[in-house]
Amino acid sequence: MSPTEANTNIAGVDPSDGLAVLEQRGSVAETFGIPLAVLAELTHRCPLQCPYCSNPVELERGGSELTTEEWKNVLTELAEIGVLQIHFSGGEPTARKDLVELVQHASDVGLYSNLITSAVLLTREKLSALADAGLCHVQISFQGNEPVLADRVAGFKGAHQKKIEVARWTRELDLPLTVNAVMHRQNLFQLPDIIQMALDMDADRLEVANVQYYGWALRNRAALMASVAQIEETSRIVEQAQARLKGTLEIDYVVPDYYALRPKKCMGGWGRQFFNISPAGKILPCHAAESITGLEFLSVRSNHSIAWIWQNSDAFNRYRGTGWMPEPCKSCEFREVDFGGCRCQAFALTGDAGNTDPACTLSPMHEQIFKLAEQEAAGGSNRFLYRNFAGGTLEMDGDNGA
Ligand code: SF4
Ligand code: SF4
């Protein structure tokens, strides 16, 4: 079934949801409006080795990265087709020597730019040059609220202290700051202090994101998986802080969907609201999509435009809408709410991206996977498999405090 057919059965479309209205109307080309924000993964190179890194396990080497001119052409094309925001990410985007030039080009073509960074490679001069080039926002990832645990998770000595310094420079340069904290079993106890740290840094926003389990995080699931009790406590802490700090610090919260009843609306639905561009220029429905084998993702180096790839390529259309869905999603009242959950998670845990996401309690595989997660939370080893180009390095025994 084509995505067009797939979407003719949408019932009761909310007229304020522009995309949904467009979807109900007609052809694929007319249907999926270009996303307003795009993630540009400039490189997979990164000095840190986070065990939950969302980059694919098969990292792309520097030699295959788009050149400066190719990225500039991409930015121009994105602006021309209606994209408004560009999020420079990685890997570590500051590992690219041409970052200032790319930010300047983004400004020149009218894109709002955000830098998502581990911060450890930045100097004050470099950050200042980025601000002068028109950088609009900085998002720094933190692994904890103090150096012992944070540096251990990052696999990089001195990382935490450097991040604190860069956060200070960011505010001194009057750039808005988001603190991004990825939470898991081994750092959840620090959450109240992380919230305080974000406040002390005068951050505008704090993203409390529980680890999502694909790629490197799936390899490290036994070392990262939190218990139900921990997640309940986390939700309570976040809710209290959200109420207490309203108007001072905006707190976004991503729940781990292993412990939810229904899966998250991953990426707003496959090929519906979002795409990202890999270091080698592939246009992807999400940053983990290349983990799904059997799909061909086209590149900006192909002879197709970005808009054509978004609207017409097989990889984007394969899981768009609801027509591809098996039972229980097919006849489920939530099918246009969560779009069946995450395709990458379905592939990683069931071997078929076309299955219902097993995070859903209605999936026949949910119970088996949930039980395993509970066992891992209770008895998993704390040793990390660090993310790197060599396929991962196991943490030295004794370094994990065990
Ligand atoms: S998650 Fe960690 S290792 Fe992965 S790109 Fe970000 S900072 Fe680097
Ligand atoms: S059955 Fe499918 S559509 Fe229904 S809640 Fe579960 S994942 Fe969502």
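A crossing of two helices is left-handed if the near helix is turned anticlockwise from the far one by less than a right angle, and right-handed if clockwise. In this predicted model, α4 passes α5 in a right-handed crossing. Local features need pLDDT of at least 70 and side-chain atom pairs count only at pLDDT 80 or more, whereas totals for chains, interfaces and linings use all residues. Residues are numbered from 1 along each chain as its sequence is written, while chains are lettered from A and ligands numbered from 1 in the order in which they are written.

**Helix packing**

- Helices (H or I, at least four residues) and strands (E, at least two) are DSSP runs, numbered from the N terminus.
- Axes are lines fitted to C-alpha atoms, for helices over the stretch in contact, and angles run from 0 to 180 degrees between N-to-C directions.
- Helix α4 (residues 68-80) packs with helix α5 (residues 99-108) at an angle of about 20 degrees, the axes being 9 Å apart.
- Helix α4 is therefore roughly parallel to α5 (angles under 35 degrees count as roughly parallel, over 145 as roughly antiparallel, 65 to 115 as roughly perpendicular and the rest as oblique).
- T68, W71, K72 and L75 of α4 make the contact with E101, L102, H105 and A106 of α5 (C-beta atoms, placed from the backbone, within 7 Å).
- The axes of helix α7 (residues 147-154) and helix α8 (residues 159-172) come within 8 Å and cross at roughly 105 degrees, and α7 and α8 are therefore roughly perpendicular to each other.
- On the α7 side this contact involves P147, A150, D151 and A154, and on the α8 side A159, H160 and Q161.

**Sheet**

- Nine strands form an open sheet with mixed pairing, in the order β7-β6-β5-β4-β3-β2-β1-β8-β9 (two strands pair if DSSP finds at least two bridges between them).
- At the edges, β7 (250-254) and β9 (283-284) each pair on one side only.
- Strands β1 (residues 37-41) and β2 (residues 85-89) run parallel and are joined by five bridges; L39 has H87 as its bridge partner in β2.

**Ligand surroundings**

Note on methods: Two residues are in contact if their C-beta atoms, placed from the backbone, lie within 7 Å.
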